[in-house]
Amino acid sequence: MAMLQPQSLRSRLQTLSKCVCDGARLMVGQGDYAAYAAHIRQTHPDQAPMTELEFFRNRENARFGVGNTSGFRCC
Amino acid sequence: MSTAIGRQVRDHGPWALVGALGAAALAIVASQRDETINALWVVVAAICVYVIAYRYYSKFIADKVMRLDPKRQTPAVRHNDGLDYVPTNRSVLFGHHFAAIAGAGPLVGPVLAAQMGYLPGMLWILAGVVLAGAVQDFMVLFVSMRRDGRSLGELIRAELGTVPGIIALFGTFLIMVILLAVLALIVVKALAESPWGTFTVMSTIPIAMLMGVYARYIRPGRIGEVSVLGFVLLMLAIIGGGSVAASPVWGPAFTFTGPQLCWMLIGYGFVASILPVWLLLAPRDYLSTFLKIGTIVGLALGIAVVAPHMQMPAVTKFVDGTGPVWAGSLFPFLFITIACGAVSGFHALISSGTTPKLIANETDARFIGYGGMLMESFVAIMALVSACVIDPGVYFTMNSPAALLGTTPETAAAAVTKLGFSTTPEVITQTAADVGERTIISRAGGAPTLAVGMAHIISSAIGGKAMMAFWYHFAILFEALFILTAVDAGTRACRFMVQDLVALAVPSFKNTTSWGPSIVATAIAVGAWGYFLYQGVTDPLGGINTLWPLFGISNQMLAAVALTLCTVVIFKMKRERYAFVTIIPTAWLCLCTLTAGWQKLFSADPKIGFLAHADRYATAAAEGKILAPAKNADQMAQIILNDRIDAVLAALFIGLVVAIAGFGIAACLKAWRADRWTALETDPRLAPAE
């Protein structure tokens with residue numbers, strides 16, 4: 001038990017920092033690439049997922065690009 | 001029996017204690033008359049109200065009105081594509097949603113409302129968010145989530161009909177134009193005659209471009225790295241701005257008048273919205289988003305540590321409508337002035353935008369929709385505190401129009417003292433020197449006042465008086481940065497709306513990849529908000545006087561439209577016994593906005609009524625007289641035209657809300673008479689779309 005506690009604290013800190021980083025990225029419209037890649041591999045094994053860079057540009061365009069208004073901020 | 005009572009005590013006891021603490025704090029805030037109170041009481045009262053409202057009212061809405069079902073598939077699960085539809089951790093999504101709804105509105109409205117004292121504004125922020133604002137955000141999120149994450153316009157078209165849908169689309173465009181004009185006006189008011197502010201805000205453009213190139217070619221996708229780089233450069237720009245302002249050569253080179261800045265912003269809006277997004281918009285979005293969240297957290301910590309006292313009285317004599325900052329009596333104009341922070345129609349666009357496509361579990365909607373808006377309301381409370389901790393004499397010096405104050409510290413001090421808030425020319429000069437500005441007289445628009453308040457609070461915690469000028473310009477930069485991002489992104493959004501609207505007549509206009517329609521539509525969008533911006537900049541009463549109420553009316557009207565949609569959906573679900581949840585805020589918003597709109601149109605007082613103001617100038621023009629600030633007959637004609645355009649706009653907003661309310665009532669009656677459920681939710685049994 002005493003052995004386990006620091007480890008669980010560390011894993012909790014890791015979870016927290018991943019949460020903060022994911023949150024910060026999603027605030028500017030960048031979703032989770034690992035989750036995307038895992039999803040494509042699982043549901044479309046025949047397709048190659050976009051690379052991390054392609055994913056980044058895809059999300060940038062989805063937020064502000066032509067025809068999209070989702071990046072519009074509130075008053 | 002005793003175990004049942006024990007459970008009751010366990011379940012509700014802690015919340016009862018929170019309620020008692022909140023009631024005590026509110027009593028202290030409301031009953032203090034002769035001495036100043038600590039701002040922490042305001043903060044404690046607000047937090048207790050939020051906690052109780054979240055625990056009980058949002059749970060009631062979730063369980064009884066919506067019947068959220070944790071087992072039901074959300075759009076994110078059903079359409080999961082790893083891109084637009086992704087089941088997302090609720091804390092992560094909360095951050096995303098909050099960053100999207102928080103903007104300049106909750107910061108500026110409460111600052112302007114402080115002319116009536118802190119109590120009226122505080123009570124409306126709290127009552128408004130609990131019963132109207134958070135309900136709207138939560139309900140729209142729910143309605144969109146049950147319909148594959150569709151947008152507000154599509155939802156209105158589906159549930160109310162095609163005609164209300166088109167009316168709402170057109171109304172949203174008008175509202176957006178007013179919003180962009182008023183946001184740009186805030187920036188102009190903050191930067192006019194301020195070389196330090198102008199230099200730092202202008203330097204964000206090359207900094208953002210450098211970041212853009214870095215994130216595209218040098219280290220692609222490294223948002224964290226590039227944001228730190230940008231942040232460091234921004235801080236250097238603020239420090240450098242002080243030297244620039246002091247320099248005899250560069251100081252005057254960065255000093256611009258309001259109209260000059262107005263034209264620069266119009267040009268900027270046009271160019272920025274057709275540049276590639278990676279070059280300017282996306283990198284500045286990183287900076288503005290992270291700076292915004294960081295500053296909000298910093299301000300909260302600052303208030304908690306410094307525990308400043310409120311210098312503004314709880315209620316001033318200006319509740320009767322004679323205040324210098326904005327015209328009109330407490331009802332309806334206080335409820336128009338504090339738009340965001342209590343209830344904001346724009347949130348309906350966000351709650352039916354990306355957020356509903358990312359919710360992993362239906363029950364998360366309560367935390368994200370209702371909770372997110374409570375957080376936004378807390379930002380408004382902090383803005384109110386910031387405006388009320390500064391000396392009321394300084395507050396009225398900064399926010400009253402030049403027509404009342406004159407332009408020297410002596411005339412301003414005399415005028416403000418005459419208003420009943422004693423101040424001296426020395427205080428005015430010293431405050432300007434403290435924040436590194438030439439003058440603080442008539443710096444209307446909310447941003448400079450908020451910046452002085454924030455500088456006051458943060459410098460008490462870090463840096464003392466020596467750092468006050470730095471914190472002031474930091475606060476100005478923080479506001480200008482996300483306003484410029486909104487202007488840029490909003491101009492793009494307007495341009496696509498123009499292309500959609502024109503395409504109803506000329507289908508080829510919708511082609512967003514060809515240059516012709518893009519440039520024409522951008523020019524229309526920029527021209528529309530630019531017109532109102534120019535009108536505001538050259539307005540003798542400071543512009544905010546005219547434009548902020550129009551913006552408030554339009555924003556609250558959009559909220560009324562969104563809440564009407566929610567009411568219709570409740571009726572269609574045959575849960576009309578709970579429809580009071582949305583009917584009460586809808587009715588209140590309609591009452592406020594229609595009264596305010598009517599007074600803006602027909603009030604005989606030229607300070608309030610657009611038509612009365614136009615008549616006054618028209619009568620004078622007919623007699624060959626020139627009324628200040630017009631200097632010749634052309635300017636007289638311009639003022640009359642502006643008034644009449646504003647009047648048409650107010651009339652359009654009234655027509656819009658009456659039409660949607662009419663369609664809404666008809667749809668409710670039809671649903672009420674129907675013998676079954678008629679709402680158009682996506683079938684929960686549908687298999688995934690792929």
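Biologist: Leaving aside its neighbours within four places in sequence, which residues is B:C388 in contact with?

Modeller: With those neighbours set aside, B:C388 is in contact with B:A114, B:Y118, B:M310, B:Q311 and B:M312. Keep in mind that this is a predicted model. B:C388 itself belongs to helix α16 of chain B, residues 364–388.

Biologist: Is B:C388 buried or exposed?

Modeller: Count the C-beta atoms around it: a residue is buried if 20 or more others lie within 10 Å of its own. B:C388 has 28 of them within 10 Å, so it is buried.

Biologist: What does chain B look like as a whole?

Modeller: Start with the helices: chain B has 27 of them and 0 strands. Its C-alpha trace spans about 70 × 70 × 60 Å along the principal axes. For 690 residues, a compact globule would have a radius of gyration near 26 Å, and chain B agrees because its value is 25 Å. Buried residues make up 56% of the chain. Among contacts between residues at least 6 apart in sequence, 81% join residues at least 24 apart.

Biologist: What should I look for in the backbone?

Modeller: Most peptide bonds are trans, and most residues other than glycine have a negative phi. Look for the exceptions! A cis peptide bond, with omega about 0°, joins B:F331 and B:P332. B:R67 has a positive phi near 50°, and it sits in the loop between α2 and α3 of chain B. B:R67 counts as exposed because it has 12 C-beta neighbours inside 10 Å. B:K574 has a positive phi too, near 60°, and lies in the loop between α24 and α25 of chain B. With 15 other C-beta atoms within 10 Å, B:K574 is partly exposed.

Biologist: At what angle do helices α13 and α21 of chain B pack?

Modeller: Picture a line through each helix. For α13 (residues 281–306) and α21 (residues 447–461), the angle is about 65° and the axes are 9 Å apart. The crossing is left-handed. Among the residues making the contact are B:G298 and B:G302 of α13(B), and B:M454 and B:I457 of α21(B). By class, the contact has 8 nonpolar, 3 polar and no charged residues.

Biologist: And how many residues of chain A are in contact with chain B?

Modeller: To read an interface, count each side: 32 residues of chain A are in contact with 46 of chain B. Helices α1, α2 and α3 of chain A each supply at least two residues of chain A's side, and α3(A) gives the most, with 8 residues. That side divides into 16 nonpolar, 11 polar and 5 charged residues. Chain A follows the pattern α-α-α along its sequence, and 35% of its 75 residues count as buried.

Notes: Residues numbered from 1 in each chain as written. Chains lettered and ligands numbered in written order. Predicted model: local features only at pLDDT ≥ 70, side-chain atom pairs only at ≥ 80, totals over all residues. Contact = placed C-beta atoms within 7 Å. Helix = DSSP H or I, 4+ residues; strand = E, 2+ residues; numbered from the N terminus. Nonpolar A, V, L, I, M, F, W, Y, C, P; charged D, E, K, R; others polar. Axes fitted to C-alpha atoms, helices over the stretch in contact; angles between N-to-C directions. Left-handed = near helix turned anticlockwise from the far one by under 90°. Rg over C-alpha atoms; globule rule 2.2 N^0.38 Å.
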